[in-house]
Amino acid sequence: MTSFITGLRAAFIACLVCASSTALADPVADFYRGKSIMLIISAGTGGGYDTNARLVARHLGKHIPGNPTIVPKNMPGGGHLVAANYMYKVAPKDGTAIATLLPAFVSYQILDGKQVEYDAAKFNWIGASDVDNHNLYVWHTTGVRSIEDAKKNEVLMGSTGAGSTGLYPTLLNNLIGTKFKVVSGYKSTNEIHLAMERGEVQGRAGNLFSSLISQNKDWLDEKKINILMQVGSKRDPDFKDVPLMTELTSDPEKKRILTIYSGDVALGRSFITTPGVPADRLAALRKAFDETMTDPEFLADAKNINMQVRPLGHEELAAAATEILSTPPELIEKAKKAKEGG
């Protein structure tokens, strides 16, 4: 009888252990354990976007249940359209692919649309590691020190392609009369910088202040570049003497058009994942990203490479993207003409 009771107790305890293990099981951790997550970087190697993405990649995995390995993969081309199209059409939809894209991919969808095979409204936002103003600068030997100077002198501006570094010079040419000449074909912003130093081109647009400080601080310290304008909702406090793009005209309609093209800046250095990711995995990715942004080791790593960390959550990013995508059609048409020279 005693052995029978003992057996019942053992069976009961085994059932409790089994039930407890089932209750504690984490399907997200089970999915990610032993796997890797591909991080698509829509820029070439060596630039600010690449450096920032790899910084996040070094720390994000330890905050995701199951601790998957984050594998960065550069996919430049077409002004970041190649990566955006890949994420929408080709990348796995199970939470094993994330990307950091130049934020202009959102407005480019409604303002141009050439070669666009994605719907920005259907991407899932994870978070942004930094929200920073874009800028436009020229090499010191040009003698161009202001936008007014650029209205009098032709300046060769390096570009990686549509929807990217050629956008701001084109807008300024068409709306306020500057004489920028866009030279396309460069594979990365790092290539543009080398071309500037060699004298092949004289400037670039679309960089972030944080990237400039991190990658080319000597240019600032040694006054090798002249920053002509910045793009954002307000002036960067460290560059408060540099005018905003929207401040370069007093014409109400032109100012409104330039405001549309400034909207992407609110998306910062954002990270997305594909449509269709299961809700529990998406929530885990977002939580892991938020935790990474406050991780002391991540912050120390960022400080060591002069990378700013001013994060923004997925809800704010989604709201900013929605505002861009809901621009009234009549204003979109005027903005398109400004971009194309109409």
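Here are some worked exercises on this predicted model.

**Exercise 1. Get your bearings: how many helices and strands does the protein have, and what share of its residues counts as buried?**

Solution. 
- Start with the secondary structure: there are 14 helices and 11 strands.
- Next, the overall dimensions: along the principal axes, the C-alpha atoms fill a box of roughly 105 × 45 × 30 Å.
- Then burial: 51% of the 342 residues count as buried.
- Finish with the contacts. Taking those in the protein with a separation of 6 or more, 78% are between residues 24 or more positions apart.

**Exercise 2. Work out the strand order of the open sheet of 5 strands, and say which strands stand at the edges.**

Solution. 
- Walk across the sheet and you get β7-β6-β8-β5-β9, with mixed pairing.
- The edge strands are β7 (180–183) and β9; each has a single partner strand, so one side of each has no neighbour in the sheet.
- On average, neighbouring strands here are turned by 30° against each other, direction ignored.
- Now zoom in on the pairs. β6 and β7 run parallel and are joined by 4 bridges, and Met157 has Val182 in β7 as its bridge partner.
- Strand β6 (residues 155–158) also pairs with strand β8 (residues 203–208), in the parallel sense, over 2 bridges. Look for Gly158 opposite Arg204 in β8.

**Exercise 3. Describe how α7 and α14 pack against each other.**

Solution. 
- For α7 and helix α14 (residues 329–340), the angle is about 95° and the axes are 7 Å apart.
- That makes α7 roughly perpendicular to α14.
- Who meets whom? On the α7 side you find Leu167, Thr170, Leu171, Asn174 and Leu175; on the α14 side, Ala338, Lys339 and Glu340.
- Sorted by class, the contact has 4 nonpolar, 2 polar and 2 charged residues.

**Exercise 4. Is Phe239 buried or exposed, and which residues does Phe239 touch?**

Solution. 
- First place it: Phe239 is in the loop between β9 (225–231) and α10 (252–262).
- The relative accessibility of Phe239 is 14%, and buried means under 20%, so Phe239 counts as buried.
- Not counting residues up to four places away in sequence, Phe239 touches Phe209, Ile213, Leu220, Ile227 and Gln230.
- Pick Ile227 from that list: Phe239 and Ile227 are 12 residues apart in sequence, with their C-alpha atoms 9.2 Å apart.

**Exercise 5. Now the open sheet of 6 strands: what is its order, and which helices go with its strands?**

Solution. 
- The order is β2-β1-β3-β10-β4-β11, and the pairing is mixed.
- β2 (69–74) and β11 (312–313) stand at the edges with a single partner strand each, so one side of each is left without a neighbour in the sheet.
- Inside the sheet, strand β1 (residues 36–41) and strand β3 (residues 97–100) run parallel, joined by 4 bridges; Leu39 stands opposite Ile98 in β3.
- Helix α4 (residues 81–89) packs on the sheet, touching β1, β3 and β10 (270–273), and its direction makes about 145° with that of β1.
- Helix α13 (residues 314–325) lies across β4 (124–128), β10 and β11, running at about 115° to β4.

Notes. Residues numbered from 1 in each chain as written. Predicted model: local features only at pLDDT ≥ 70, side-chain atom pairs only at ≥ 80, totals over all residues. Heavy atoms only, no water. Axes fitted to C-alpha atoms, helices over the stretch in contact; angles between N-to-C directions. Parallel < 35°, antiparallel > 145°, perpendicular 65-115°, else oblique. Contact = heavy atoms within 4.5 Å. Nonpolar A, V, L, I, M, F, W, Y, C, P; charged D, E, K, R; others polar. Buried < 20%, exposed > 50% of the residue type's maximum accessible area, 1.4 Å probe, protein only. Pairing = 2+ DSSP bridges.
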